[in-house]
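The points are grouped by topic.

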Amino acid sequence: MNEVSDVRDWLRASPRVIALTGAGMSAESGIPTFRGLDGLWRNYNPQDLATPEAFERNPTVVWEWYDWRRGLIAAAEPNPGHYALAQLEATNHVSIISQNVDGLHTRAGSTHVIEIHGSIWRTRCTSCDRTQSNLKPHLTTLPPLCEDCGQLLRPGVVWFGENLPPMAWEASVEAVSTADILLVIGTSGIVYPAAQLVPIAKDAGAKVVEINLEATALSSQVDATLLGPSGQILPKLVQ
Ligand code: BV8
Ligand code: ZN
């Protein structure tokens, strides 16, 4: 396991930094992770709720879950890890590819964030495709209906079994293919194709650093592992 100082030196020598972040990035902001013990809601498994089938079967329950999360996220603040990545932009070219839908990187001041799984703050009409940003913590009626055509709105996120937004995926592959260093932060590396970005970065010659509380499915592929909470490690890297 490498020391923070090694990675700090790598960062100083690596102008182009890409961060791939997962739910662990927002854990210290009080937002439950997908697979952690606190990842459950009313005993549902997130993986069962974040699917088109669940929405088809019971849009109201799926919307109640998203509305609960919107309330949680609206009350949450970016943590020192989010702010450290935003601060890193002062010295490095930083792009963040986030699997998270909470928007905390943008709230912390990061200016180049690719939300490959969409955003909980966006809704999309299931019929006329109208997409809207809606920052109200809670929606007035569940399930919400489209102001234009009256049909059902869905959360503007990517569900399991759905393709990632092509532009976001292309931009992510491009970013990791030209990175000097890829920081993989707070992700279990289980979800694809996001996890594929690690081997793509390695094949393109990037140094890969994992920041996590524990080893993950990606650990065998990385050049350095910094074990600990990202909200504590990232500020040390950026000092
Ligand atoms: C796709 C948005 C092509 C929604 C999310 C069978 C049928 C169909 C598909 C599949 C299949 N088998 C596999 C697949 C592919 C599937 C997949 O990967 N499944 C997994 C479960 C095996 N992927 C897809 O379906 C993707 N699309 O493949 O399209 C296609 C099309 C049709 C058919 C086949 C293929 C779409 C995936 C996107 C799903 N949407 N989110 C929402 O948020 O509601 S993914 C969801 O999981 C979140 O975005 C989350 O970010 C993401 C990944 O999880 P993690 O971020 O890694 O979070 P996790 O809880 O797992 O881990 C937290 C980590 O943090 C841990 O390691 C922990 O140790 C660490 N940690 C905790 N605290 C801290 C910390 N680290 C540092 N500091 C801390 N303080
Ligand atoms: Zn509509």
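In this predicted model, the centres of domain 1 and domain 2, taken over C-alpha atoms, are separated by 26 Å. Domain 1 comprises residues 1-30 + 78-117 + 163-239, and domain 2 comprises residues 32-75 + 122-157.

**Interface between the domains**

- Contact between the domains involves 12 residues of domain 1 and 10 residues of domain 2.
- About 750 Å² is buried between domain 1 and domain 2, and 60% of this area lies on carbon and sulfur atoms. The size of an interface is often expressed in this way, as the accessible area lost when the parts come together.
- One salt bridge is counted between domain 1 and domain 2.
- Arg122 and Glu115 meet through their side chains in a salt bridge, with an N to O distance of 3.9 Å.
- One residue pair in polar contact is found across the interface of domain 1 and domain 2, both residues being at pLDDT 80 or more.

**The six-stranded sheet**

- Six strands form an open sheet in the order S3-S2-S1-S7-S8-S9, and their pairing is parallel.
- Strand S3 (113-115) and strand S9 (224-227) are the edge strands; each has a single partner strand, so one side of each is left without a neighbour in the sheet.
- On average, neighbouring strands of this sheet are turned by 15° against each other, direction ignored.
- Helix H1 (residues 4-12) packs on the sheet and touches strand S1 (16-21), S7, strand S8 (207-212) and S9. The direction of H1 makes about 125° with that of S9.
- Helix H9 (residues 230-238) lies across S7, S8 and S9, and runs at about 140° to S8.
- Strand S2 (residues 93-98) runs parallel to S3 and is joined to it by three bridges. Ser98 stands opposite Glu115 in S3; Glu115 also takes part in the salt bridge with Arg122.

**The three-stranded sheet**

- An open sheet with antiparallel pairing is formed by three strands in the order S5-S4-S6.
- Its edges are strand S5 (131-133) and strand S6 (153-157), each of which pairs on one side only.
- Neighbouring strands here are turned by 40° against each other on average, direction ignored.
- Helix H4 (residues 59-75) packs on this sheet, where it touches S4 and S6. The direction of H4 makes about 140° with that of S4.
- Strand S4 (residues 118-125) pairs with S5 in the antiparallel sense over three bridges, and Thr123 stands opposite Gln132 in S5.

**Backbone details**

- Most residues other than glycine have a negative phi, and most peptide bonds are trans. The residues below depart from one or the other pattern.
- Asp129, which is not a glycine, has a positive phi of about 70°. This residue is found in the loop between S4 and S5.
- The peptide bond from Leu142 to Pro143 is cis, with omega near -5°, and Pro143 is found in the loop between S5 and S6.
- A cis peptide bond also runs from Tyr192 to Pro193, with omega near 0°. Pro193 is found in the loop between strand S7 (181-185) and helix H8 (197-203).

Methods. Residues numbered from 1 in each chain as written. Chains lettered and ligands numbered in written order. Heavy atoms only, no water. Pairing = 2+ DSSP bridges. Helix = DSSP H or I, 4+ residues; strand = E, 2+ residues; numbered from the N terminus. Axes fitted to C-alpha atoms, helices over the stretch in contact; angles between N-to-C directions. Contact = heavy atoms within 4.5 Å. Domains from an automatic or database assignment. Buried area = accessible area lost by both parts, 1.4 Å probe. Salt bridge = Lys/Arg side-chain N within 4 Å of Asp/Glu carboxyl O. Polar contact = N/O pair within 3.5 Å; in protein donor to acceptor, adjacent residues only side chain to side chain.
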